[in-house]
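Hi,

Here is the structure I promised to pass on. Have a look at it first, and then read my notes below.

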Amino acid sequence: MENSEKTEVVLLACGSFNPITNMHLRLFELAKDYMNATGKYRVTKGIISPVGDAYKKKGLISAHHRVIMAELATQSSEWVEVSTWESLQKEWVETAKVLRYHQEKLEAGRCLQQDFPVPERPGRKRKWAEQEQECSQKTSLEPTRKGVPKVKLLCGADLLESFGVPSLWKSEDIAHIVGDHGLVCVMRAGSDAQKFVYESDVLWRHRDNIHLVSEWITNDISSTAIRRALRRGQSVRYLVPELVREYMEKHRLYSAESEERNAGVTLAPLRRGADPAP
């Protein structure tokens, strides 16, 4: 299939990234290889979107540091970048809304390129702003424009299985994520994601839009394990990007004290009856 006939895909990973690890970066590579190998898709970009501080997860350090570490981790990547939009919001933002934001941003950008030439006469900036607003209004009312990449949620099996936890996700958000966007899930060893999809009516209904990726070279690195090692003064070299390791050590980000941050505070999704960040 020619590239022009393939659906372009942008992979979006939402989460705490507390801290980002080599495993987070491997998810993107595994998902890209899988999607491209289907012959139906062409992955053009990856986006890392760290959750904001209002999420209130226990042990969650400042978004300022988490964003910087994600940017350091992706410095050498030619296709994965970091979005600060979610992390800068004063209130916690549901994953479905983050997906919608990035999809509309892509559609608005393509709309401006295709539908509106850049004004060259006096009043150019004002006219351009008016056109951008008009385009934004159009894309919010129309289905995905032809030729615009489709934003899909990239995740691990833990997030997929959390769909079944009561009160963590709004049912309409799950339907929006898997129905309107799609899910690319990298399965860990021992997980039975296919069975979970089968046992969920909403996931089964949209099973063609859920892509389950096998991780043949297993990697069990987790942010929790990294924080634990750092609290105990143990090396995390080669488990996280070297620039990230240096940054964590320089700023002494993780300790017994930092792990108690937000202790006793109700997680944002449970306060609002919506979805969690992994």
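A residue is called buried here if its relative accessible area is under 20%, exposed if over 50%, and partly exposed in between (1.4 Å probe, protein chains only). Phe-28 is buried by that rule, at a relative accessible area of 1%. Before going on, some housekeeping: this is a predicted model, where local features need pLDDT of at least 70 and side-chain atom pairs count only at pLDDT 80 or more, while totals for chains, interfaces and linings use all residues. Residues are numbered from 1 along each chain as its sequence is written, and side-chain values use heavy atoms, with hydrogens and water left out.

First, the overall picture. The protein has 278 residues, and 47% of them count as buried. Its secondary structure comes to 12 helices and six strands (DSSP runs numbered from the N terminus: helices are H or I with at least four residues, strands are E with at least two). Taking contacts (heavy atoms within 4.5 Å) with a separation of 6 or more, 78% are between residues 24 or more positions apart.

Now the sheet. The six strands form an open sheet with parallel pairing, in the order E3-E2-E1-E4-E5-E6 (two strands pair if DSSP finds at least two bridges between them). E3 and E6 (210–214) are at the edges with a single partner strand each, so one side of each has no neighbour in the sheet. From one strand to the next, the twist averages 25 degrees. E5 and E6 pair over five bridges, in the parallel sense, and Met-187 has Ser-214 in E6 as its bridge partner. Helix H1 packs on the sheet, touching E1, E2, E3, E4 (150–156), E5 and E6, and its direction makes about 160 degrees with that of E2. Helix H6 (residues 171–181) packs on the sheet too, where it touches E4, E5 and E6 at about 125 degrees to the direction of E4. For these angles, axes are lines fitted to C-alpha atoms (for helices, over the stretch in contact), and angles run from 0 to 180 degrees between N-to-C directions.

Which residues touch the most other members of the largest nonpolar core? Among them are Leu-11, Ile-20, Phe-28 and Leu-154, in a core of 36 residues. A nonpolar core here is a set of buried Ala, Val, Leu, Ile, Met, Phe, Trp, Tyr and Cys residues joined through side-chain atoms within 4.5 Å. H1 gives the largest share of this core, six residues. Leaving out residues up to four places away in sequence, Leu-154 touches Leu-11, Leu-12, Ala-13, Leu-27, Phe-28, Ala-31, Val-184 and Val-186. There is also a second, separate core of 30 residues, including Leu-153 and Ile-174.

Last, the rings. The whole structure holds five aromatic pairs (rings of Phe, Tyr and Trp, the last by its six-membered ring, with centres within 6.5 Å; planes under 30 degrees apart are stacked, over 60 edge-to-face, the rest tilted). Phe-28 and Trp-79 have ring centres 6.0 Å apart and planes at 75 degrees, so they are edge-to-face. Phe-28 sits in H1 and Trp-79 in the loop between H2 and E3, 51 residues apart. Trp-79 is buried as well, at 11% relative accessibility. For Tyr-55 and Trp-92 the centres are 6.2 Å apart and the planes at 35 degrees, so that pair is tilted. Both Tyr-55 and Trp-92 are buried.

Cheers
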